[in-house]
Amino acid sequence: ENWKERKDGYTQLLSLINDNYPIQSIDHSFLLNAQKEKHIACQNIVLEIIEKMGYTYKEKISRKIREYSGIVVSLMSQKKNSRLTNLQSAFDSLAFNVTSNPYELPFSEILLKMMNNSNLRLREESLQFIIRANEDPNNNIQLNKNSQVYDQLTKMSSDPSLQIREMATS
């Protein structure tokens, strides 16, 4: 099966997702294929599917949030690719729709792993998420000063990377 056939399959799945389409029809096989997808055109549709699943199924996919966010985080950790246009929106969809508060478990665990990662891109993406969350007028979730995420944010103000230090203190 070539990438065009996979892309067609992903596109078809994307068009099927709605409140009436059973999540069980997607779950397992999609996750297995999405985790090993290497073609950029297919990866982008995978991200669109994850974003749409977050909006559509909300807390119904919370038990699989680590798996779905793992796909997004894995793509984030790779060399920056401007053609992956749904990277942040897929991440945000999981953060704000599947959990009641992205700064609490289970999502905070994902965010903390990114913030502590040796991969500069993941540290950047975690901080960009916090900045987007704080600047979003529709988001009324504040970062609790007693949270692990806040503690890590404070530590990142002395990160070896100047860009990370600047983002952490902004």
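Why does Q43 count as buried? At 6% relative accessibility, Q43 falls in that class, because buried means under 20% relative accessible area, whereas exposed means over 50% and partly exposed in between (1.4 Å probe, protein chains only). The structure is a predicted model, in which local features need pLDDT of at least 70 and side-chain atom pairs count only at pLDDT 80 or more, while totals for chains, interfaces and linings use all residues. Residues are numbered from 1 along each chain as its sequence is written, and side-chain values use heavy atoms, with hydrogens and water left out.

Q43 belongs to helix 3; helices are DSSP runs (H or I, at least four residues), numbered from the N terminus. Leaving aside neighbours within four places in sequence, Q43 is in contact (heavy atoms within 4.5 Å) with E37, K38, L75, Q78 and L84.

The phi of K58 is near 45°, a positive value in a residue other than glycine. At 35% relative accessibility, K58 counts as partly exposed. Most residues other than glycine have a negative phi, and most peptide bonds are trans.

Helix 7 (residues 120–135) comes next. Its 16 residues reach 22 Å from the first C-alpha to the last, close to the 22 Å expected at 1.5 Å a residue; the expected span is 1.5 Å times one less than the number of residues. At the start of helix 7, a side-chain oxygen of N119 comes to within 2.8 Å of the backbone nitrogen of R121. The buried residues of helix 7 include R121, L122, F129, I130 and A133. Against the buried residues of this helix pack helix 4 (65–77), helix 5 (87–98), helix 6 (107–115), helix 8 (148–155) and helix 9 (162–168).

A pocket is an open set of points on a 1 Å grid over the protein atoms alone, where a 1.4 Å probe fits, with protein on both sides within 12 Å along at least five of seven lines; lining residues have an atom within 4 Å of a point. The lining has 14 residues, and R6, Y10, S29, F30 and N33 lie nearest the centre. Helix 1 (3–16) and helix 2 (27–35) each supply at least two lining residues, with helix 1 giving the most, 5 residues.

Notes:
A polar contact is a pair of N or O atoms within 3.5 Å; within protein, one must be able to donate a hydrogen and the other to accept it, and residues adjacent in sequence count only if both atoms are side-chain atoms.
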